[in-house]
Amino acid sequence: QVHLVESGGGRVQPGGSLRLSCAATGSIFSINPMDWYRQPPGKQRELVATVTSDGGTNYADSVKGRFTISRDNAKNMVYLQMNSLKPEDTAVYYCHAEVRRAPGAYVMAYWGKGILVTVSS
């Protein structure tokens, strides 16, 4: 089994920063890609940022220039550095990973349980 566990959420004032972390544990051969999604209150879940195993990144327009996604392949971890936070960034943030558990095995998608980020004065 594979588990994703997020950490680093909380409450921050507008303009502040937070760093989310996600650790993938279990039977893992490779992970590609790793992503962060978020679900604002009353809205649908949306993709925030993606990072591939070779470091390629992609961001939602709403977070470009403010958020940075990175990963540590050796530790099976992904991070989301969030700067210049706005009230509209308030959401539950989810870690997502496409995992291959053995060479030649099917790729399966896994989700973390989510962590709340609240941006409010």
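Modeller: The largest nonpolar core has 31 residues. A nonpolar core here is a set of buried Ala, Val, Leu, Ile, Met, Phe, Trp, Tyr and Cys residues joined through side-chain atoms within 4.5 Å. Buried means under 20% relative accessible area, exposed means over 50%, and partly exposed is in between, using a 1.4 Å probe and protein chains only. The model is a predicted one, in which local features need pLDDT of at least 70 and side-chain atom pairs count only at pLDDT 80 or more, while totals for chains, interfaces and linings use all residues. Residues are numbered from 1 along each chain as its sequence is written, and side-chain values use heavy atoms, with hydrogens and water left out.

Inside this core, W36, L80, M82 and Y93 have the most contacts. At least two core residues come from each of β1 (2–7), β3, β4, β5 (46–51), β7 (67–72), β8 (77–82), β9 and β11. The strand that gives the most is β9, with 5 residues. These strand names follow DSSP runs numbered from the N terminus: strands are E runs of at least two residues, and helices are H or I runs of at least four. As a general point, nonpolar side chains in soluble globular proteins tend to be buried together.

M82 shows what such packing involves. Setting aside residues up to four places away in sequence, M82 touches G16, S17, L18, L20, R66, F67, Y93 and V117. Contact means heavy atoms within 4.5 Å.

Now follow β9. Of its 10 residues, 7 are buried, so this strand is mostly covered. Two strands count as paired if DSSP finds at least two bridges between them. β9 runs antiparallel to strand β4 (residues 30–39), and 8 bridges join the two; R38 has Y93 as its bridge partner in β9. β9 and β10 form a hairpin with 6 residues between them, and G104 in the turn has a positive phi of about 80°.

Beyond its neighbours within four places in sequence, A109 is in contact with H96, A97 and E98.

The structure holds 1 disulfide, and it joins C22 to C95 with an S to S distance of 2.1 Å. This pair links distant parts of the chain: C22 is in strand β3 (residues 18–26) and C95 in strand β9 (residues 91–100), 73 residues apart. Both cysteines, C22 and C95, are buried. The torsion about their S-S bond is about -85°, so the disulfide is left-handed.

On the β3 side, S21 is another residue of that strand. S21 is buried, with a relative accessible area of 14%. Apart from neighbours within four places in sequence, S21 is in contact with V5, E6, S7, W36, M77, V78 and Y79. W36 is among the core residues with the most contacts, which brings the account back to the core.

Methods: Disulfide = S-S within 2.5 Å.
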